[in-house]
Amino acid sequence: MLKAFDISKYAATLNESAPTETRDIETVTAEIIQLQQDAGNAIIGIGKRLIEAKAMIPHGEWLPWLAEEVGYSERVAQSFMRLAREWESNPKALSDLGATKALKLLVLPPEERETFMAENNVVDMTSRELEKAIRERDEALRAKETAQAEATA
């Protein structure tokens with residue numbers, strides 16, 4: 001039996017009526033960073049369990065199970081499973097990026113992702129900026145390939 005996630009340890013600090021001077025910015029910052037890490041681990045954990053559940057569920061019963069038991073659409077479940085497969089070895093990056101940007105990065109070959117992330121400071125980009133950077137990368141690669149093909153012809 002799975003233990004239910006206990007959000008009370010996080011929610012309690014938000015609902016306290018203690019004066020603000022008892023909490024400092026370092027404490028709040030540390031809590032935010034911890035929650036980001038927890039979120040990345042949770043996404044990977046959900047994805048891994050969805051992969052496991054899909055293997056257990058008889059053919060044709062997956063989508064009804066998703067909707068009825070966990071309330072996910074097929075698209076959401078597929079996203080979580082992809083994130084688990086691709087980012088399991090680097091949950092910190094997933095936490096830093098967030099699920100939306102991590103999914104967008106899956107269009108890049110795994111061996112190029114880390115370099116692209118470092119060269120483009122992806123963590124500080126918006127999702128739209130990331131899409132544009134990936135598009136520009138793809139266009140530059142196509143232009144390079146075209147130039148090489150013309151040079152050899």
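Visitor: Let's start with S95. Which helix holds S95?

Guide: S95 is found in helix α5, which covers residues 91-97. Do keep in mind that this is a predicted model.

Visitor: Why is S95 called buried?

Guide: The relative accessibility of S95 is 10%. Buried means under 20%, so S95, at 10%, counts as buried.

Visitor: What is S95 in contact with, leaving aside its neighbours within four places in sequence?

Guide: With those neighbours left aside, S95 is in contact with Q36, Q37, G40 and N41. Contact here means heavy atoms within 4.5 Å.

Visitor: And for the protein, what share of the residues is buried?

Guide: Buried residues make up 23% of the 153 residues. The accessible surface comes to about 10900 Å², and 55% of that surface belongs to carbon and sulfur atoms.

Visitor: Which elements make up the secondary structure of the protein?

Guide: There are eight helices and zero strands. From the N terminus on, the elements read α-α-α-α-α-α-α-α.

Visitor: Which residues meet where α2 packs on α3?

Guide: From α2 come L50, A53 and K54, and these meet W62, W65 and L66 of α3. By class, the contact of α2 with α3 divides into five nonpolar residues, no polar ones and one charged. Lys counts as charged, whereas Leu, Ala and Trp count as nonpolar.

Visitor: How do α7 and α8 cross?

Guide: The axes of helix α7 (residues 110-120) and helix α8 (residues 127-152) come within 12 Å and cross at roughly 115°. The crossing of α7 and α8 is right-handed.

Visitor: Which residues of α7 and α8 meet, and what are their classes?

Guide: E112, F116 and N120 in α7 meet L130, A133, I134 and R137 in α8. The contact of α7 with α8 has four nonpolar, one polar and two charged residues. Glu and Arg count as charged.

Visitor: One last point: what share of the contacts with a separation of 6 or more joins residues 24 or more positions apart?

Guide: Residues 24 or more positions apart account for 54% of those contacts in the protein.

Definitions and conventions. Residues are numbered from 1 along each chain as its sequence is written. This is a predicted model: local features need pLDDT of at least 70, side-chain atom pairs count only at pLDDT 80 or more; totals for chains, interfaces and linings use all residues. Side-chain values use heavy atoms; hydrogens and water are left out. Helices (H or I, at least four residues) and strands (E, at least two) are DSSP runs, numbered from the N terminus. Buried means under 20% relative accessible area, exposed over 50%, partly exposed in between (1.4 Å probe, protein chains only). Accessible areas come from the Shrake-Rupley method with a 1.4 Å probe; for residues, only the protein chains shown count as cover. Axes are lines fitted to C-alpha atoms, for helices over the stretch in contact, and angles run from 0 to 180 degrees between N-to-C directions. A crossing is left-handed if the near helix is turned anticlockwise from the far one by less than a right angle, and right-handed if clockwise.
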